[in-house]
Amino acid sequence: MSLLHLLFSVLTLFLSLTFISSSSANSEPASAQTLEIKPEIINPKLPPSPKSLSTSKKFEGSSNLVNLKYHMGPVLSSSPINVYIIWYGRWAAHQQLIIKDFLHSISPTTASATKTVAEWWKTVALYTDQTGANVSRNLLVAGEYSDHRYSQGTHLTRLSVQQVIANAVRSAPFPIDHKNGVYLILTSVDVTMQDFCRAVCGFHYFTFPSLVGYTLPYAWIGNSGKQCPEVCAYPFAVPGYMAGGGPGELRPPNGDVGVDGMISVIGHELAELSSNPLINAWYAGEDPTAPTEIGDLCEGLYGTGGGGGYIGQVMRDREGKTFNMYGKNGRKFLVQWVWSPVLKACSGPNALD
Ligand SMILES: *[C@@H]1O[C@H](CO)[C@@H](O)[C@H](O)[C@H]1NC(C)=O
């Protein structure tokens with residue numbers, strides 16, 4: 001066998017192995033871990049997000065000083081939680097798929113997979129109301145509405161976003177779901193929002209009867225890809241002042257900095273929406289107009305050993321994509337941890353016990 005020949009055979013073998021592992025990862029995410037090629041575990045130290053500097057809402061790891069309290073209001077205990085998505089602006093089908101695959105990954109699966117989105121949600125389901133009812137473990141994408149004509153323009157405010165919901169619920173077949181419904185308004189990369197980038201990457205609240213006709217919990221999350229990825233799609237983009245010296249940004253698991261960044265913010269907002277839908281259930285601090293909620297307590301933390309500039313131990317696959325949990329359809333996601341009321345610490349499915 002000539003050297004060239006030998007090289008060719010080795011290459012063919014390598015390619016077929018690659019093909020086997022990627023095709024099985026597509027059909028069943030759980031099997032990815034049983035393969036010989038395990039993802040590498042890394043705990044990168046990155047320049048801090050400008051947001052974590054300005055808000056200082058982060059409580060890394062465990063702390064007895066965190067005084068998370070229950071304020072007697074309801075949690076989202078009706079099952080399933082029906083999520084109605086409002087796509088505001090222009091969205092590509094492949095971006096919508098990434099987000100829907102994440103939402104579809106929240107409900108429990110029969111597969112005995114570990115380090116999954118469904119396991120991550122188990123921590124959220126530990127929150128109960130005064131009747132003892134837990135946050136539901138099941139979440140369904142119950143409807144979608146496309147506001148591709150920018151009904152309220154390309155700049156939204158906290159009030160005009162409620163008008164977007166009002167328009168959507170008035171248009172059949174998008175129902176007003178009092179019992180199980182929550183509304184998720186996702187704005188495309190060209191839409192600006194009051195306080196976006198400066199103070200918030202997403203927020204949740206409830207609608208006013210005077211505007212929408214009903215009180216409905218909702219969350220807004222924007223695609224920061226062009227406006228401020230180093231703030232809202234961190235750690236897939238890091239502040240520029242460190243460029244050319246410090247450590248670089250991480251590679252997004254689904255190849256889209258803006259959308260992969262949104263996934264963690266969607267997780268953050270859904271966790272808070274479910275445990276504090278009317279801003280009278282689970283939060284820390286005395287001021288209900290600026291509550292510190294179960295996502296805020298763990299912002300920027302993705303694994304064991306995070307804090308002091310480290311994001312925590314996460315996984316990196318052979319293509320260099322960074323993630324900390326598996327989802328449906330072979331997806332991988334990087335999602336921040338949330339506060340566990342049982343452990344009294346931030347917790348996630350990739351924790352090292
Ligand atoms: C409900 O919450 C309680 C208190 O955190 C917890 O002990 C229990 O395991 C939860 N049940 C489910 C089904 O998650």
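Biologist: Which exposed residues sit on the face of H3 turned away from its buried side?

Modeller: Bear in mind that this is a predicted model. Helix H3 covers residues 93–104, and its buried residues are Gln-95, Ile-98, Ile-99, Phe-102 and Leu-103. Seen down the axis of H3, those buried residues fall within an arc of 135°, so they line one face of the helix. The face turned away from them carries the exposed residues Ala-93 and His-94.

Biologist: What do the buried residues of H3 pack against?

Modeller: An α-helix has 3.6 residues a turn, so residues three or four places apart point the same way. On H3, the buried set includes Ile-98 and Phe-102. The partners of that buried set are strands E3, E4, E6 and E14, along with helices H4 and H8.

Biologist: How many charged residues are in the shell around the ligand?

Modeller: The residues around the ligand are Ala-125, Leu-126, Thr-128, Asn-134, Pro-341 and Val-342. Sorted by class, 4 are nonpolar and 2 are polar, and the number of charged ones is: none.

Biologist: What percentage of the protein's residues is buried?

Modeller: The fold comes to 8 helices and 16 strands. Out of 353 residues in the protein, the buried ones make up 43%.

Terms used
Residues numbered from 1 in each chain as written. Predicted model: local features only at pLDDT ≥ 70, side-chain atom pairs only at ≥ 80, totals over all residues. Near = placed C-beta within 6 Å. Nonpolar A, V, L, I, M, F, W, Y, C, P; charged D, E, K, R; others polar. Helix = DSSP H or I, 4+ residues; strand = E, 2+ residues; numbered from the N terminus. Buried ≥ 20, exposed ≤ 12 C-beta atoms within 10 Å, placed from the backbone. Expected span 1.5 Å × (residues − 1). Arc of directions from axis to C-beta. Contact = placed C-beta atoms within 7 Å.
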